[in-house]
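Please examine the sequence and the structure below before reading on.

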Amino acid sequence: MTAARSLSGLRLVPGYLDRPSQEALLGALGTVFAAAPLYTPRMPKSGKPLSVRMTNCGPLGWVTDEAGYRYQPLHPQTGQPWPAMPDILVDAWKALARYPHLPESCLVNYYGPAAKMGLHQDRDERDFEAPVVSLSLGDTCVFRIGGTTRKDATRTLHLASGDAIVLGGKARLAFHGVDRILPGTSTLLAEGGRINLTLRRVTMPGEDRAW
Ligand code: SIN
Ligand code: MN
């Protein structure tokens with residue numbers, strides 16, 4: 001059994017969103033992009049641009065630049081609060097997270113045909129009890145997932161438009177990344193590419209927000 005398969009708490013839900021729901025979500029994201037345009041994030045310290053473009057919705061957004069990884073309530077370029085999370089995303093969290101509190105952040109990653117994301121853990125949150133719920137729209141990607149240390153064996157799986165993945169339990173801190181996009185595998189996005197939506201809790205329930 002591979003390291004990733006043996007990680008309890010990793011759940012793949014193929015086809016969680018059917019095509020009409022994917023189209024409805026894409027429509028709702030149009031409103032998000034209008035209020036909070038996609039921008040090119042930068043690596044901590046080096047300031048090297050990432051190949052994905054990003055934005056967020058919900059009370060807190062995950063950002064990265066020379067100053068490091070963090071959550072903040074304002075878009076780094078417009079200075080405006082992130083727009084509300086579309087209901088369809090909140091509903092996905094309620095259906096999939098098995099967690100009694102609402103998500104506080106939805107990171108929206110846009111991958112053009114050549115974009116990818118290196119192997120990393122999601123660990124900028126204070127609450128690791130809540131899972132990470134991730135939805136895919138558009139072109140299929142080759143998603144890589146391993147164990148909780150960087151040296152653990154990894155495996156790949158394909159995430160297609162409408163698929164959901166939940167990283168909970170031991171898999172909450174699993175290393176993961178996106179090796180590549182498979183261009184032309186979906187007709188959902190007119191311009192091609194892939195959108196990933198990552199829903200997360202950030203604070204501990206009941207914690208006073210310092211934001
Ligand atoms: C991420 O880990 O931020 C994105 C994962 C994905 O695009 O599926
Ligand atoms: Mn991640």
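## Metal site

Aspartate 122 counts as buried at 6% relative accessibility, where buried means under 20% relative accessible area, exposed means over 50% and partly exposed lies in between, computed with a 1.4 Å probe on protein chains only. The model is predicted: local features need pLDDT of at least 70 and side-chain atom pairs count only at pLDDT 80 or more, while totals for chains, interfaces and linings use all residues. Residues are numbered from 1 along each chain as its sequence is written, chains are lettered from A and ligands numbered from 1 in the order in which they are written, and side-chain values use heavy atoms, with hydrogens and water left out.

The manganese ion (ligand 2) is coordinated at 2.2 Å by Asp122 (OD), His120 (NE2) and His176 (NE2). Donors are N, O and S atoms within 2.8 Å of the metal (3.2 Å for Na, K and Ca); because water is not among the atoms, sites may look incomplete. The spacing of the donor residues in sequence is H-x1-D-x53-H.

## Histidine 120

Histidine 120 belongs to strand β6 (residues 117–120); helices (H or I, at least four residues) and strands (E, at least two) are DSSP runs numbered from the N terminus. The relative accessible area of histidine 120 is 22%, so the residue is classed as partly exposed. Its side chain makes a polar contact of 3.2 Å with that of aspartate 122. A polar contact is a pair of N or O atoms within 3.5 Å; within protein, one must be able to donate a hydrogen and the other to accept it, and residues adjacent in sequence count only if both atoms are side-chain atoms.

Histidine 120 and histidine 176 are separated by 56 residues in sequence, and their C-alpha atoms are 5.5 Å apart in space. Leaving aside residues up to four places away in sequence, histidine 120 touches Ala174, Phe175 and His176, contact meaning heavy atoms within 4.5 Å.

## Surroundings of ligand 1

The residues around ligand 1 include Asn109, Tyr111, His120, His176, Arg194 and Asn196; a residue is near a molecule or strand if one of its heavy atoms lies within 4 Å of it. Polar side-chain atoms lie 2.5 Å from an oxygen atom of ligand 1 in tyrosine 111, 3.1 Å in histidine 120 and 3.0 Å in histidine 176.

## Aspartate 139

Aspartate 139 is located in the loop between β7 (132–138) and β8 (141–145). This residue is buried but has no salt bridge, and the nearest side chain of opposite charge, arginine 194, is 9.0 Å away. A salt bridge is a side-chain nitrogen of Lys or Arg within 4 Å of a carboxyl oxygen of Asp or Glu; Lys and Arg count as positive and Asp and Glu as negative, while His and the chain ends are not counted.

The side chain of aspartate 139 reaches two backbone nitrogens: that of threonine 185 at 3.1 Å and that of serine 186 at 3.0 Å.

## Positive phi values

Most residues other than glycine have a negative phi. Lysine 45, in the loop between α2 (19–35) and β2 (53–57), has a positive phi near 65 degrees. Arginine 98, in the loop between α3 (87–96) and β5 (105–111), has a positive phi of about 50 degrees.
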